[in-house]
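Visitor: Hi, could you walk me through this one? I'd like the overall picture before the details.
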Amino acid sequence: MQLFTNRRTLSLFAIFFALSTVIVSAQVERAKLRGKITDEKGEPLVSVAVFARGSETAGVVSSVEGEYLLTLMPGSRVVVFQQIGFVTRELELSINPGEERRMDVVLKSSSTELKTFVTTAGKYEQNIEQLTVSMEVLKPNIIENKNTTSIDDALQQVPGMTIVDSEPQIRSGSGYSFGAGSRVMILVDDLPILSGDAGRPSWGFIPVENIEQVEVIKGASSVLYGSAALSGVLNIRTAYPRDVPQTKISLFSGVYNNPRNREAIYWGDNNPTYTGVNFFHSRKIGNLDLVVGGNFFNDNGFKGPAPIDISDTTFNPLAEQRGEFENRGRLNMNLRYRFKKVEGLSVGLNANAMLSRSTGALLWLNADSGMYRAYPGSLTLTLQTAAYVDPFVQYLGKKGYRHVLRNRWFHLDNNNDNNQSNRSNLFFSEYQLQKRYENGPFKGLILTAGALHSYTRGVSELYKGNLSDTLNLQAFSDNRNIAAYLQLERTFWERLTLSAGARYEHFSISSPRYNQNDSATFTREGRPVFRAGMNLKLHKATFFRASFGQGYRFPTIAEKFIRTQVGPIQIYPNDSIRSESSFNAEAGIKQGFKIGGFQGYLDVVYFLQQFEDNIEFNFGLFGPLDPAQFFGLGFASLNIGRTRVSGWDASLVGQGKIGKTGIALLSGYTYTLPVALEPQLGYPVELSGKPVTYATSSSDSTDNILKYRFQHLFKTDIEVSRGKWAIGFSARYNSFMRNVDKIFEDLDDFLGLLGQPQPGLKAYRQANNQGVWVLDARVVFNASETVGLVFVVNNLMNKEYALRPMAIESPRTTAIQLNVKF
């Protein structure tokens with residue numbers, strides 16, 4: 001009874017309060033101020049804070065077209081227009097009750113800001129100097145001027161990041177896993193692009209012809225981006241139209257030069273070549289934004305055929321006799337419609353589709369004359385179909401609220417020739433609410449909250465796990481993820497920024513089955529993760545930051561249930577694998593500088609990341625003692641216990657002009673100490689009656705260094721331009737990979753017993769143990785604002801090197817690119 005009385009009292013009070021507010025508000029008719037906010041070039045500015053100083057009414061933010069509508073009390077007012085990276089404007093005006101006035105505003109760029117704006121760190125636009133986490137930004141000039149045919153080539157220039165055989169590593173946070181599972185979340189326009197079943201990227205599917213910039217978070221980012229963001233996030237942001245329509249076409253052709261080892265040349269006098277075309281068009285049609293683009297690419301490849309008996313029907317002659325190659329065609333489209341009658345409302349549809357045919361070689365034939373040829377049985381012919389469709393709705397409310405509903409259907413079908421075909425469908429939906437408080441007691445607070453649902457069905461002959469293999473059927477498994485997150489970030493005294501966030505993840509994954517009606521066992525698990533960070537402005541362009549973040553990754557379908565063979569390598573399932581987790585702590589300082597018209601920053605940070613139940617792809621005895629199955633020896637995803645990665649990195653980034661000379665610089669050095677903290681932990685496998693441990697399965701157990709890591713990385717790219725000419729240089733240094741699976745160095749002995757070719761990796765590693773420098777060069781000539789030519793030489797010194805055991809990288813290539821813009 002008491003509860004009922006209290007509820008009735010509260011209801012009456014709420015009604016009274018609401019009526020009182022309406023009556024008081026009705027006594028004074030408010031005024032309306034509207035207009036468009038642009039930069040000095042006339043481009044609209046989105047999310048500019050607009051509010052009346054000292055007013056009781058809420059502020060607003062500008063829409064995607066730069067429009068704003070502010071309701072305010074009549075009288076003399078000071079209206080503030082505020083945006084990071086621009087000089088704040090305060091305009092005095094006197095406005096009458098009921099008056100509607102238009103006032104367009106131009107904001108000037110602030111010369112004291114570093115002028116690099118990102119959205120990935122907090123899911124809203126921020127100046128990079130004010131972040132609480134470490135981030136690198138890859139600008140489109142590097143992508144365009146290096147004749148980038150696949151985005152992973154350009155990502156090799158990002159400080160602290162390496163791509164090892166298509167697998168991204170950030171600060172040694174992951175090793176090599178044969179394409180199953182990623183600790184780096186890869187996004188295109190804030191939506192996941194990793195395959196739903198294996199967590200592997202298809203780099204050629206990403207539209208390099210339409211990239212605004214690439215943002216890389218270094219460190220655990222699971223609070224905002226979920227399971228795969230254990231070591232970081234890679235977000236590729238595509239561009240929307242400007243006020244002026246734009247069309248770009250790039251035609252290119254290149255050739256693989258002869259390697260230093262003349263005995264390894266298999267192509268005679270007919271050097272393999274590659275050719276392609278990229279195109280892009282964007283324009284505004286009334287309230288409709290339209291972007292279309294595409295790519296067509298043919299690469300004859302630099303890895304040749306395997307030496308096989310053509311009468312052996314166990315090999316596919318198209319793959320084994322031709323070697324590596326790739327043919328692909330890709331088309332993409334971005335649409336966005338901005339409603340006039342409902343201010344701040346926009347809807348859109350992004351789509352991308354690709355067809356490709358390619359072969360990939362997992363292992364070289366040998367480390368001498370066969371380093372550019374494939375090992376028998378290690379070539380896989382793939383007919384790939386990939387597509388995504390992304391409908392979305394966004395509403396920017398008048399009181400600082402931003403609502404976004406994003407969806408993605410991502411289909412990937414890898415039709416392989418060796419009973420390794422797999423396909424997956426990923427259905428992803430995320431609702432996000434963001435609120436900016438521009439005045440009142442919570443002034444400066446930005447609240448970001450969201451909820452998401454992800455569902456994947458993976459189908460493959462690979463995903464049989466421990467099912468009976470007598471049936472030549474495809475098995476399927478389902479993976480579901482539900483999550484919710486909240487992040488708060490607030491700036492105090494325009495100097496101190498604090499942020500904190502939390503997320504709860506829940507996963508379920510089904511055991512493989514052949515039919516929908518077959519019974520399945522579900523593994524279910526949920527866990528919260530937290531983060532916190534701060535950024536303190538010490539001086540005009542000096543910023544200190546510190547952050548702590550937790551990470552959490554649930555195993556993929558492939559890691560739990562894959563069973564296959566590539567060449568002599570056997571790969572086994574592990575349905576008892578556990579999820580892995582980590583925490584990441586770091587502290588750094590960013591110092592901005594300006595030399596004439598050139599400005600940039602130096603960033604130095606110390607980091608530490610520690611993992612629990614770390615998942616690594618490891619060697620052991622998992623199958624029967626059958627010579628046809630390499631005596632049961634092979635690889636599986638295993639929990640190797642606790643591990644830790646610590647170190648520091650430094651980045652030097654800048655852009656601008658010194659006199660009449662333009663300079664763009666991206667450079668960085670990273671040192672890591674990745675160690676296994678429980679190297680003697682026994683796995684659930686034995687060899688010769690002895691347990692296999694991380695130490696005993698390592699080629700070098702000294703200092704317990706983790707496998708497949710580079711402890712020293714140096715990256716730099718500099719482009720100098722003057723008039724119509726520009727010259728660019730890139731350099732990359734990877735230190736020697738100290739530790740790999742010992743079996744790779746022992747393969748010669750095992751394969752010799754079986755009468756098979758011997759790869760010779762041990763001798764190769766002993767002879768090449770000092771790390772490697774790789775240099776690239778380019779010359780750009782812009783004949784006019786419409787036409788430009790680029791001449792590119794990659795691997796200028798023609799180094800012979802391997803980032804991953806038994807996988808040689810490309811010899812020197814020379815290419816020419818014609819760019820037409822209008």
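This is a predicted model: local features need pLDDT of at least 70, side-chain atom pairs count only at pLDDT 80 or more; totals for chains, interfaces and linings use all residues.

Visitor: How many helices and strands are in the protein chain?
Guide: There are 8 helices and 47 strands. These are DSSP runs numbered from the N terminus: helices are H or I with at least four residues, strands E with at least two.

Visitor: And what share of the residues is buried?
Guide: Of the 822 residues, 57% are buried, meaning under 20% relative accessible area with a 1.4 Å probe, protein chains only.

Visitor: Which residues touch the most others in the largest nonpolar core?
Guide: F178, W364 and F744 do, in a core of 56 residues. Such a core is a set of buried Ala, Val, Leu, Ile, Met, Phe, Trp, Tyr and Cys residues joined through side-chain atoms within 4.5 Å. Helix 7 (residues 742–753) gives the most to this core, with 4 residues.

Visitor: Switching to strands, what does strand 37 pair with?
Guide: Strand 37 runs antiparallel to strand 38 (residues 661–676), with 16 bridges; pairing takes at least two DSSP bridges. G654 stands opposite L665 in strand 38.

Visitor: What's in the turn of that hairpin?
Guide: Strands 37 and 38 have 2 residues between them, and G659 in the turn has a positive phi of about 70°.

Terms used:
Residues are numbered from 1 along each chain as its sequence is written. Side-chain values use heavy atoms; hydrogens and water are left out. Buried means under 20% relative accessible area, exposed over 50%, partly exposed in between (1.4 Å probe, protein chains only).
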